[in-house]
Amino acid sequence: MANATAVEYIYKGIDRKGTKVQGEISGTSPALVKAQLRKQGIIANRVQKKPKALFGSGKKKVKPADIALFTRQMATMMKAGVPLVQSFEIVADGLDNQGVRELILKIKEDVASGTTFADALRKHPLHFDNLFCNLVASGEQSGALETMLDRIATYKEKTEALKAKIKKAMTYPIAVIVVAIVVTSILLIKVVPQFAETFSSFGADLPAFTKLVVSLSEWMQRNWFILLAAAVIGIGGLLEAKKRNKSVAEFIDRLVLRIPILGQITYNSIAARFARTLSTTFAAGVPLIDALKSVSGATGNSVYEEATLKIRDAVATGIPLNAALRSSGLFPTMLIQMTAIGEESGALDEMLGKVADFYEEAVDNMVDNLTTLLEPMIMAVLGILVGGLMIAMYLPIFQLGRVV
């Protein structure tokens, strides 16, 4: 039973005041659930497993943005002097997302039973990473949990805003490319064959451009399913290989950094995440060597993750952080210089925070410029694709008109 998996139970019972209560709680067995409820002052009359929904749970997925909002709300409650357990209840009651509400109530139950806030969070590694849990633990130990939650909330909000900007830069061109491929495929598979049947009755040679398009249409009609399956398997296989193979991940991450415009946006976002994470952890009192270990996973790029770990090893031998950054050859000059100033003045966290602000603003501006630049280019590409197909189909008709 030691390795039993916790499941959801529904209970009904009476609290210390004699009031009937009911709710949900996680546990490994009904007996342990009853014992847990007794610690909370509830005598359970009925405990049973929560039935599974016939067509899924209907719960929304817990997103990083939800965690950022939860952290900000907890920071606000703690600053207002609301007790920790009561803060969980207030925050949970105000949420519409059932998944987030259940997550918060589970954490509340653990904290109410005597578990520390950080240890309660560690039970949910999918939503709270080591950096988050370590910062909360530092806040609990120092007695400044509300201040630490405020810092974490700011960090999460800035990080999610940066991710949204990167997603915006990637989504728009990808969406238009997909639409262009779908429209072109439909024209080749459905529209061009109708013209081809008409052309077969002409009894004359077709223009070379028209022959090329008709041949491409015939090939697409025969192989569209194979082409679609190959694209899905190829993209899925590449993403899976990136997760499982370090060499593939490094190759893809290096390739992304070399893409015009998009590579510069990625480069600036990495610098912003590096500076923001290191600023937050260092300000929280985390030793620099431990902070760099957390920063390595927050860069979001395997090339910079490996470089950050090497920088950590160099700092551990006594080399200044700015010198280790410069020797890597990967980080921007401004970040290195501001780090040097911060180390000399004893305000490293403040300087890194300014660097993060600068590069986040740079990413924002570049994304806006990219969107403005891409709009006419994408319209031109779509016009060439669709217009080219239409010209190829009408060329024989134009030639026929000249003959007549």
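## Close-up views of helix pairs, a cavity and a pocket

**View 1. Helix 10 meets helix 11.** The axes of helix 10 and helix 11 come within 9 Å and cross at roughly 145°. Helices here are DSSP runs of H or I with at least four residues, numbered from the N terminus. Their axes are lines fitted to C-alpha atoms over the stretch in contact, and angles run from 0 to 180 degrees between N-to-C directions. This is a predicted model: local features need pLDDT of at least 70, side-chain atom pairs count only at pLDDT 80 or more, and totals for chains, interfaces and linings use all residues. Residues are numbered from 1 along each chain as its sequence is written, and side-chain values use heavy atoms, with hydrogens and water left out. Helix 10 brings Arg273, Phe274, Thr277, Leu278, Thr281 and Phe282 to the contact, while helix 11 brings Leu288, Ala291, Leu292, Val295 and Ala298. Contact means heavy atoms within 4.5 Å. By class, this contact of helix 10 with helix 11 has 8 nonpolar, 2 polar and 1 charged residues. Here Ala, Val, Leu, Ile, Met, Phe, Trp, Tyr, Cys and Pro count as nonpolar, Asp, Glu, Lys and Arg as charged, and the others, Gly among them, as polar.

**View 2. Helix 2 meets helix 7.** Look for helix 2 (residues 64-79) and helix 7 (residues 145-200), whose axes come within 8 Å and cross at roughly 150°. The two helices are therefore roughly antiparallel to each other (angles over 145 degrees count as roughly antiparallel, under 35 as roughly parallel, 65 to 115 as roughly perpendicular and the rest as oblique). Their crossing is left-handed. Residues of helix 2 in the contact include Pro64, Ile67, Thr71 and Met78, and those of helix 7 include Leu145, Leu149, Ile152 and Glu160. The contact of helix 2 with helix 7 has 11 nonpolar, 2 polar and 7 charged residues.

**View 3. Helix 8 meets helix 9.** Here the axes of helix 8 and helix 9 come within 5 Å and cross at roughly 115°. That makes helix 8 roughly perpendicular to helix 9. Helix 8 passes helix 9 in a left-handed crossing. On the helix 8 side you can find Leu238, Ala241, Lys242 and Arg244, which meet Lys246, Val248, Ala249, Ile252 and Asp253 of helix 9. The contact of helix 8 with helix 9 divides into 5 nonpolar, no polar and 4 charged residues.

**View 4. The cavity.** The structure holds 1 cavity of 30 Å³ or more. On a 1 Å grid over the protein atoms alone, a cavity is a set of points where a 1.4 Å probe fits but cannot get out, a pocket is an open set with protein on both sides within 12 Å along at least five of seven lines, and lining residues have an atom within 4 Å of a point. Grid points are joined across faces, edges and corners, and a volume is the space filled by probe spheres set on the points. The largest cavity has a volume of about 30 Å³. Its lining is made by Asp129, Leu131, Phe132, Leu135, Ile152, Tyr155 and Lys156. Helix 6 (130-142) and helix 7 are the elements that give two or more residues to this lining.

**View 5. The largest pocket.** About 1700 Å³ of space lies in the largest pocket. Of the 44 residues that line the largest pocket, Lys163, Lys242, Arg273, Gly300 and Asn301 are the closest to its centre. The largest share of the lining, 9 residues, comes from helix 7.

Methods
A crossing is left-handed if the near helix is turned anticlockwise from the far one by less than a right angle, and right-handed if clockwise.
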